[in-house]
Amino acid sequence: MMLSGKAKVAGVMGWPVGHSRSPRLHGHWLERYRIDGAYVPLSVSPDRADVAIRALPALGFRGCNVTVPHKEVAAATVDVMDATARRAGAVNTIVVGADGMLTGSNTDGFGFLENLRDGAAGWQAETGPAVVIGAGGASRAIVAALLDAGAPEVRLTNRTRERAEVLAAEIGGAVTVVDWVSRETALDSAALVVNTTTQGMHGEPSLDLRLDALPRTAVVTDIVYTPLMTPLLHDAHARGNRIVDGLGMLLHQARPGFAAWFGTEPVVDEDLRRAVLAG
Ligand code: ATR
């Protein structure tokens, strides 16, 4: 669609940003809803991230997404953080208010839960213990979202145990840290397994996890979406567990930002998945 001088502008700030699928994602929605708006990649080096974020109101931006490695700087730079950003300790979505105030939120947990609800009909956090593998930035938002959604217990396991302990202490609540060497015992009676590590991504080894102890009723999901069918999801599917791939988390986490910047609640569907995968 042709832009007018009144076009609403947003974007994604990262370094590097060239691999980001967000411009394609938001671009698809902008076309579908025939919105006079643009969503652009913003290649911003780490030493200038705070200046770039503070410049958003002056440039007339409605806001932006923030990706690696700027999520923590964004948390330190915005004027207000909502509860999701405070809990995650990181901001991935900034909205510029009418008064120029910058509000930061973190929609990764929302995207994660919506993807599960979408991909595993009837799934509820309350059903039973969740096993979360990995303790990086994505894990933090996911553990917090699972607890907030009512998971009775989160069993957190990470190659470097200390990182899991720090995360558990900071988030609080029913998080049990499980030794990496004992990770397979954590699968016993679990209702959900989530891989938040990079294992299973193209070019990386598979996640080293035998699923023998996992109930067949459990849902298995991965935040890796290149490939969509990770070795973990393949194994889980082969033994009869329901699986949810990681692309939907990316798509759903984008909804709140799009709605705030462009004024339309967007829908995640097959067309969108195809458009984002085509990149
Ligand atoms: P984020 O961007 O989410 O903060 P990160 O810091 O790169 O991610 O963390 C990636 C996760 O993958 C971590 O949990 C990491 O484990 P460590 O804390 O021990 O580094 C995990 N990870 C990376 N390589 C791994 C491997 N070979 N085996 C197991 N876990 C691995």
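**Entry 1. The ligand and its surroundings**

I began with the ligand and found 13 residues around it, the closest being G137, N158, R159, T160 and R163. The model is a predicted one: local features need pLDDT of at least 70, side-chain atom pairs count only at pLDDT 80 or more, and totals for chains, interfaces and linings use all residues. Residues are numbered from 1 along each chain as its sequence is written, and side-chain values use heavy atoms, with hydrogens and water left out.

I then sorted the shell around the ligand by class and noted three nonpolar, eight polar and two charged residues. In this sorting, Ala, Val, Leu, Ile, Met, Phe, Trp, Tyr, Cys and Pro count as nonpolar, Asp, Glu, Lys and Arg as charged, and the others, Gly among them, as polar.

**Entry 2. Atom pairs at the ligand**

I looked up the distances from ligand oxygen atoms to N or O atoms of the protein. For T160, a side-chain N or O atom is 2.5 Å from an oxygen atom of the ligand. For G137, the atom belongs to the backbone, and it lies 2.6 Å from a ligand oxygen. For R159, a side-chain N or O atom is found 2.8 Å from an oxygen of the ligand. Taken alone, the ligand exposes 650 Å², and the protein buries 69% of that. These areas come from the Shrake-Rupley method with a 1.4 Å probe.

I also recorded that the ligand sits in the largest pocket. A pocket is an open set of points on a 1 Å grid over the protein atoms alone, where a 1.4 Å probe fits, with protein on both sides within 12 Å along at least five of seven lines. A molecule sits in a pocket if more than half of its atoms lie within 2 Å of its grid points.

**Entry 3. Cis peptide bonds**

I found a cis peptide bond from W15 to P16, with omega near -5 degrees. P16 is placed in the loop between β1 (8-14) and α1 (22-32). Another cis peptide bond joins V68 and P69, where omega is about 5 degrees. P69 belongs to the loop between β3 (63-66) and α3 (71-77). Helices (H or I, at least four residues) and strands (E, at least two) are DSSP runs, numbered from the N terminus.

**Entry 4. Positive phi angles**

R34 is not a glycine, yet I read a positive phi of about 50 degrees for it. R34 is located in the loop between α1 and β2 (37-43). It is exposed, at a relative accessible area of 67%. S189, also not a glycine, has a positive phi of about 65 degrees. S189 is in the loop between β9 (175-178) and β10 (192-195), and it is partly exposed, at 43%. Buried means under 20% relative accessible area, exposed over 50%, and partly exposed in between (1.4 Å probe, protein chains only).

**Entry 5. N241**

I placed N241 in the loop between α8 (231-238) and β12 (242-244). N241 is buried, with a relative accessible area of 3%. Its side chain makes a polar contact with the side chain of R239 at 2.6 Å, and the side chain of N241 also reaches the backbone oxygen of R216 at 3.2 Å. A polar contact is a pair of N or O atoms within 3.5 Å; within protein, one must be able to donate a hydrogen and the other to accept it, and residues adjacent in sequence count only if both atoms are side-chain atoms.

Notes:
Near = heavy atom within 4 Å. 1 Å grid on protein atoms, 1.4 Å probe; cavity = no way out; pocket = protein on both sides within 12 Å on 5 of 7 lines; lining within 4 Å.
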